[in-house]
Structure formats: structure tokens, C-alpha cells
Amino acid sequence: MKRNLRTLLGIAIATGATPAVAHHSFAVYDMQQNVEFHGVIATVKLRNPHMAMTLTTTDANGAQRTIDFVEGAPANMLARLGLRPEHVRPGQEITAIGAPRTDNPNAWFLKAIILPDGTRFNALQSPNQQR
């Protein structure tokens, strides 16, 4: 009986892990691009499984545009890199680097955040690679 339960539990865990691995593909983003935006944070959601943020930019003619970072690194990964909620509050100016979705040029993956003091948080690197 215990052996059957362990086998079923093992199968359930293995089966449940498969969709999670498939979910974390970057195939819908053009990760070869590094487009830089400077602007003011309009909204931010530091959450798992992925952070999300909108940034309001202003061009040389004064026209505003909202950049929608629909996906970024998980909040716990960013925290390990040293990013804290007080670094990315609405109203703060930052520079963000993104990769556009291939099927929706108005949606972006947030690859990096650069604070006004130059501190950079690369979402796709480990803390050891940041230094």
C-alpha cells in the first residue's frame, strides 16, 4: 500500500513539473534585442511567478508612451539580486531594458532595471554574475 502511494505521488510530482518547465520559455520574446527606455514607473507588481511593470516615457516632442513590461524575473530572484520594493515604486524614474514579444510589439520582457544612481539589476543573471 505504501509503495503504491509513493509511486502515485512520484508520478503526480513528475507530471506536475512538466507544465512549469514549458511555461518558462522565452520563445515569444526577441531576446536578442535590448531596447532601452527611460521613464517614470506608473505601475509595478513585484510578485511571483513574474514581476510586471508599466513605464511612462516622454519623447523629445513631449509625447508620452506607456511601455508594458508584461513579464520579468520573479520577485524572489530580484530580491536575491538586491532589488527592494522601495527601489521601484510608482513615480520613480528608472531606465529599463526590454525585449519585445514577437507576436505583440506593445508587450515587453523586462531584462534589466537601472536605478538613477547607476545600480543595475539584470533579471536573467544570478547574483554572482552581477558583480
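The legends below describe an overall view and several close-ups of a predicted model. Residues are numbered from 1 along each chain as its sequence is written, and side-chain values use heavy atoms, with hydrogens and water left out. Local features need pLDDT of at least 70 and side-chain atom pairs count only at pLDDT 80 or more, whereas totals for chains, interfaces and linings use all residues.

**View 1. The protein has three helices and six strands.** Along the sequence these elements follow the pattern α-β-β-β-α-β-β-β-α, with helices (H or I, at least four residues) and strands (E, at least two) taken as DSSP runs and numbered from the N terminus. Of the 131 residues, 32% count as buried, that is, under 20% relative accessible area with a 1.4 Å probe, protein chains only.

**View 2. Phenylalanine 37 and phenylalanine 69 form an edge-to-face aromatic pair.** Their rings lie 6.1 Å centre to centre with 75° between the planes; rings of Phe, Tyr and Trp (its six-membered ring) pair if their centres lie within 6.5 Å, and planes over 60 degrees apart count as edge-to-face. Because phenylalanine 37 lies in strand 1 (residues 35-45) and phenylalanine 69 in strand 3 (residues 64-71), the pair ties together parts that are 32 residues apart in sequence.

**View 3. Ring pairs link Phe37, Phe69 and Trp108 into a cluster.** The structure as a whole holds three aromatic pairs.

**View 4. Arginine 101 lies over the face of tyrosine 29.** The distance from the ring centre is 5.6 Å, where a charge sits over a ring if NZ of Lys or CZ of Arg is within 6 Å of the ring centre and within 35 degrees of the ring normal.

Key
Buried < 20%, exposed > 50% of the residue type's maximum accessible area, 1.4 Å probe, protein only. Phe/Tyr/Trp six-rings, centres within 6.5 Å; stacked < 30°, edge-to-face > 60°.
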